[in-house]
Amino acid sequence: MKAVTWQGTHDMQVTEVPDPRIEEPTDIIIRVTSTGLCGSDLHLYETLAAFMEPGDIVGHEPMGIVEEVGPGVTELAVGDRVVVPFNVSCGSCWMCDRHLYSQCETTQNPEHGTGASFFGYSKLYGQVPGGQAEYMRVPFGNFLPVKVPHEHADDRFLFLSDVLPTAWQGLKYADVPDGGTLLVMGAGPIGDMAARMGVRAGYRVISVDRVPERLARVAAFGAEPLNLDEAAQVGGVASVVQELTGGRGADSVIDAVGMEAHGSPGAQGVQKFVGLMPDVIAEPMLKKAGIDRLAALHTAIEAVRRGGTVSISGVYGGAVDPMPMFQLFDKQVQVRMGQANVRAHTGELLAMLVEDDPFGVDAFATHHLPLAEAPQAYEHFQKKEEGMVKVVFQP
């Protein structure tokens, strides 16, 4: 079969790889019909290259049709349509019993000190073959795959794999008070969706980005756009937000940017330098002495009001990141974060999508491309070219 494989820094290729097969009684094999390109995939494209090996199959936002089931699968049958959550969770361990599916003890990676494995996401998270491929093996077939109706095009349900539950959890963690103001840092896929959900929940949403096309998307859904570069000319985002909120600041902030933030040239230089080192040197450096680009997070902390909440959905990986602890303590800021516990939210979200399209998912993707165009899509997406916000590959 054909799959998108990592071959080196900035080098994604579509190659021929062996077809997946049933390995455990509860495995299923799906024929992938749609699969997303995520902002987190860009970390593998450059920042986390030390944890990748040539030939790794990437991608963690797939859906498709069940082609084969293991002898222990009782909840699905050949021909069923399913969405696959990005975290590999068993559904029955101590963590899963508490709906902490991103911490699943069955698939944790103690050798790297990380939580549940992810599809298509490096040695740090299990090196499980991903979903940017024609076919895919999915374990825990009686729990993990989300069965969806055959009605509607793929885009109605595809984003249950990551975007919808990640944004939903980020909004819940933000703990916005009734009628409150929510500031969303970043208008990429997660920030865009979080802003839409915030507007639908009745909050005042201010969305920050520097890409005009992305700001236009959130504005069309009812958020107030704030251009990062324009704000920098009048004192910065925090100053503008305080002015918009009577001097107080946002009740809650979602950081949907993470380690790829602009405005941190020192950290960016360190990341690229470490990425050039041999893996045996780079791996421990990234895990023990890694440093992120923290511009978005620091802005979130500055812009939140005293006693407010910062919710972090953007991925960070540094171990020695400088945090403004005095400011956090003095402002009595609450901070919540973590990978989305996808399966904890899919039931609630699916019930909404079956009846309606409250978050505009049918038109959420900006690009639908064949798998063969994946290498160029990665490049354009990282550079924020071609108006790319959300790319869906259709194998």
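The structure is a predicted model, in which local features need pLDDT of at least 70 and side-chain atom pairs count only at pLDDT 80 or more, while totals for chains, interfaces and linings use all residues. Residues are numbered from 1 along each chain as its sequence is written, and side-chain values use heavy atoms, with hydrogens and water left out.

## Salt bridges

Side chains of opposite charge can pair when their charged atoms come close. Here a salt bridge is a side-chain nitrogen of Lys or Arg within 4 Å of a carboxyl oxygen of Asp or Glu, and by that rule the model holds 17 salt bridges.

| Pair | Closest N and O atoms |
|---|---|
| R31 and E67 | 3.5 Å |
| D154 and R81 | 2.7 Å |
| R204 and E224 | 2.6 Å |

To place these pairs, helices (H or I, at least four residues) and strands (E, at least two) are taken as DSSP runs and numbered from the N terminus. For exposure, buried means under 20% relative accessible area, exposed means over 50%, and partly exposed lies in between, with a 1.4 Å probe and protein chains only.

R31 forms its salt bridge with E67, and this pair links distant parts of the chain, with R31 in strand β3 (residues 28-37) and E67 in strand β5 (residues 62-69), 36 residues apart. R31 is partly exposed, with a relative accessible area of 33%, and E67 is also partly exposed, at 37%.

D154 forms a salt bridge with R81, a link between distant parts of the chain in which D154 sits in the loop between β8 (146-147) and α3 (155-158) and R81 belongs to strand β6 (residues 81-83), 73 residues apart. Both D154 and R81 are buried.

R204 forms a salt bridge with E224, and here too distant parts of the chain are linked, R204 lying in strand β10 (residues 204-209) and E224 in strand β11 (residues 224-227), 20 residues apart. R204 counts as partly exposed at 28% relative accessibility, as does E224 at 30%. Salt bridges that share partners also join E23, D27 and R137 into one network.

## The enclosed space

Rolling a probe the size of a water molecule over the atoms shows where empty space is left. On a 1 Å grid over the protein atoms alone, a cavity is a set of points where a 1.4 Å probe fits but cannot get out, and its lining residues have an atom within 4 Å of a point. Grid points are joined across faces, edges and corners, and a volume is the space filled by probe spheres set on the points.

The count comes to 1 cavity of 30 Å³ or more, and about 40 Å³ of space lies in the largest cavity. Its lining is formed by T166, Q169, G170, Y173, I312, S313, G338, Q339 and A340. Helix α4 (residues 163-174) gives the largest share of this lining, 4 residues. By class the lining has 3 nonpolar, 6 polar and no charged residues, where Ala, Val, Leu, Ile, Met, Phe, Trp, Tyr, Cys and Pro count as nonpolar, Asp, Glu, Lys and Arg as charged, and the others, Gly among them, as polar.

Which residues of α14 are buried? They are A374, A377, Y378 and F381, and they lie on the same side of α14 because they cover an arc of only 100° around the axis, the arc being that of the directions from the helix axis to the C-beta atoms.

Most residues other than glycine have a negative phi. K384, which follows α14, has a positive phi near 55°, and its place is in the loop between α14 (374-382) and β16 (391-393). At 31% relative accessibility K384 counts as partly exposed. E386, in the loop between α14 and β16, likewise has a positive phi, of about 60°, although it is not a glycine, and at 56% relative accessibility E386 counts as exposed.

## A recorded domain

For residues 25-146, UniProt lists "domain: Alcohol dehydrogenase-like N-terminal" in an unreviewed entry; UniProt positions are given in the numbering used here, feature names are shortened, and annotations may be inferred rather than shown by experiment. In the model, this span is 9% helix and 23% strand, and its end C-alpha atoms lie 18 Å apart.

How values were computed: 1 Å grid on protein atoms, 1.4 Å probe; cavity = no way out; pocket = protein on both sides within 12 Å on 5 of 7 lines; lining within 4 Å.
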